[in-house]
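Opening the notebook on this one. I want to go from overall build down to single residues and jot down what turns up.

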Amino acid sequence: MKPKILLSEKKVTAILKRLCHQLIERHGDFSNSILIGMQPRGVLLLDQIIRLLKEEDIREIKYGKLDVTFFRDDFRRKEKPLNANSTEMNEMVEGKKVVFIDDVLFTGRSIRSALTAIDTYGRPKSIELLVLVDRRFSRHLPIQPDYLGAQIDAIQGDRVRVVWSKGSIKCLVYLEEKINE
Amino acid sequence: MNKLTVPHLLGIKYLQIEDLKLIFKTASQFKEIINRPIKKVPSLRDITIANLFFENSTRTKLSFELAEKRLSADVINMSVGQSSISKGETLTDTVKNILAMKVDMIVIRHPHPGAAHFLSNQVNNCSIINAGDGTHEHPSQALLDAYSLIEKLGNLKGKKIAILGDILHSRVALSNIYALKMLGANVKLCAPKSLIPKNIDSLGVTISDDLMYVLNWCDAVNVLRVQNERMDINYFPSNREYNQNFGINKQTLEKLRKKIVILHPGPINRGVEISSEVADSDNTIILDQVENGVAIRMAIIFLLGSQIKISA
């Protein structure tokens, strides 16, 4: 079945701009804030947010890329083994305002893992969550975004995919429907 | 690939090149973790690991225990001196009793070659890690040696690596040969003829007893300890003579045309195979090996642990 487009390129561009303005509203010049992209796909969103913030004249943005594989709660519970990505955290998070950035918020388990993982770098002053897409009604844990791109209702088994084309802002959000086997 | 091809780590001989690459990749991620302010991850919190050391060990035992604790596993330790082995209990009985306590993984060091292999046939849904079996293999040491070399020299394909010292009694040598050959390195052994095992050249290595020639040839040299405890006869006249012909000191290094990397798996016999000056110089990566050892062992335990089924 052909995937359905949920958010067009134009809409994603507008959403990203809005999210950046919301970030600026709360974080000012970002001097005490760190943006943290979730590996692997949240990092692509992080790159776009940083690019847009720089266009808004925010010069010094501290950021990191966090992989939560070793902190996940489904280790040994899946047929497919977990595959870790690299972590790049060059900033101390102690006393800082942290913003987690991910593309799709689904069960909330990755974010729960990230909350444990970030503790290994110190105690942040606060932690917020920014997502491009929130899949409502699919949460396993009481985790909600602070900055939200769009809310999408998709049934269990459907897959929401955020596809970034390389080198430019182009981004599409697809819905791939569940295939009955 | 993100899964090992084996359920146990018994020796490098049983691994594929993909396994080595996966272990190195995972170890790099753990190396980042052990440099964080809080060096612990919760991955293996529901796994229990028994460290059975039927032979003395400092580095390997501490390194395994640290790796296990950094992965949040529960750890129990047994050393031969304080156990019922001295009352005549067999290896199988000891292990069966330990397994009855619901242990998921066993790290074993044993003076008899093949002990880990033997155990792996006796257990079910439990991973065995060989931490050295007699003069046979010491896979985790070879993996950390190769990892440290790659960090220092880059891809080992075509690199010239020498192994110097007591090859005959060394499990590190055999595991190193397997690992280095698999990674495409050229390996040359250097030792008194009495300390070179028969037919070792069938593993694709060359042999020489000319230290200066070998040091000038190689990019890195792995210096092995003379294992006096395993020598029931005299393989060379005296430590002094060994040192004169096969020991590395400051003067030896000064005579070389280039700077070489020196590894040593420890423990060092200072003044026998290597002088104190050299051991503490910037040629050596001995302490890098120790640091990488924890990361490599975390990777091995994590990857094997991911294959253990959850018991209901």
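This is a predicted model: local features need pLDDT of at least 70, side-chain atom pairs count only at pLDDT 80 or more; totals for chains, interfaces and linings use all residues.

My entries follow, chain B to begin with and then its parts.

**Overall build.** I counted secondary structure in chain B and got eleven helices and nine strands. I then checked the radius of gyration: a compact globule of 312 residues would be near 20 Å, and chain B comes out at 19 Å, so the two agree. Along the principal axes, its C-alpha atoms fill a box of roughly 65 × 45 × 35 Å. I looked at burial too, and 44% of the 312 residues of chain B count as buried. For contacts in chain B between residues at least 6 apart in sequence, I find that 75% join residues at least 24 apart.

**The core.** Next I went for the largest nonpolar core, which has 132 residues. Those with the most contacts inside it are A:F100, A:I101, B:I23, B:I106, B:L164 and B:A299. Which helix gives the most to this core? That is α11 (residues 286-305) of chain B, with ten residues. Both domain 1 and domain 2 of chain B give residues to the core, so I place it between them. As a reminder, nonpolar side chains tend to be buried together in soluble globular proteins.

Leaving out residues up to four places away in sequence, A:I101 touches A:L35, A:I36, A:G37, A:M38, A:G42, A:L45, A:L46, A:I49 and A:L130.

**Between the chains.** I get 16 residues of chain A in contact with 15 residues of chain B. The chain A side is made of seven nonpolar, six polar and three charged residues.

**Helix α5 of chain B.** I tested its length. At 1.5 Å a residue, the 15 residues (139-153) should span 21 Å, and the end C-alpha atoms are 21 Å apart, so the expectation holds. Is the helix mostly covered or mostly open? It is mostly covered, with eleven of its 15 residues buried. The buried ones include B:P139, B:L143, B:L144, B:Y147 and B:L149, and B:S140, B:Q141 and B:D145 are among them as well. Just after α5(B), I noted that B:G154 takes a positive phi of about 80 degrees.

**B:P111.** Last stop. I found B:P111 in the loop between β3 (105-110) and α4 (115-120) of chain B. Why does B:P111 count as partly exposed? I count 15 other C-beta atoms within 10 Å of B:P111, and because burial needs 20 or more and exposure 12 or fewer, that count falls in between. Beyond residues up to four places away in sequence, B:P111 touches B:F54, B:E55 and B:G134. I also checked B:D133, which is 22 residues from B:P111 along the chain, and the two C-alpha atoms are separated by 5.6 Å.

Notes. Residues are numbered from 1 along each chain as its sequence is written. Chains are lettered from A and ligands numbered from 1 in the order in which they are written. Helices (H or I, at least four residues) and strands (E, at least two) are DSSP runs, numbered from the N terminus. Two residues are in contact if their C-beta atoms, placed from the backbone, lie within 7 Å. The expected span of a helix is 1.5 Å times one less than its number of residues. A nonpolar core is a set of buried Ala, Val, Leu, Ile, Met, Phe, Trp, Tyr and Cys residues joined through C-beta atoms within 7 Å. Domain bounds come from an automatic or database domain assignment. Ala, Val, Leu, Ile, Met, Phe, Trp, Tyr, Cys and Pro count as nonpolar, Asp, Glu, Lys and Arg as charged, and the others, Gly among them, as polar. The radius of gyration is taken over C-alpha atoms; the globule rule is 2.2 Å times the number of residues to the power 0.38.
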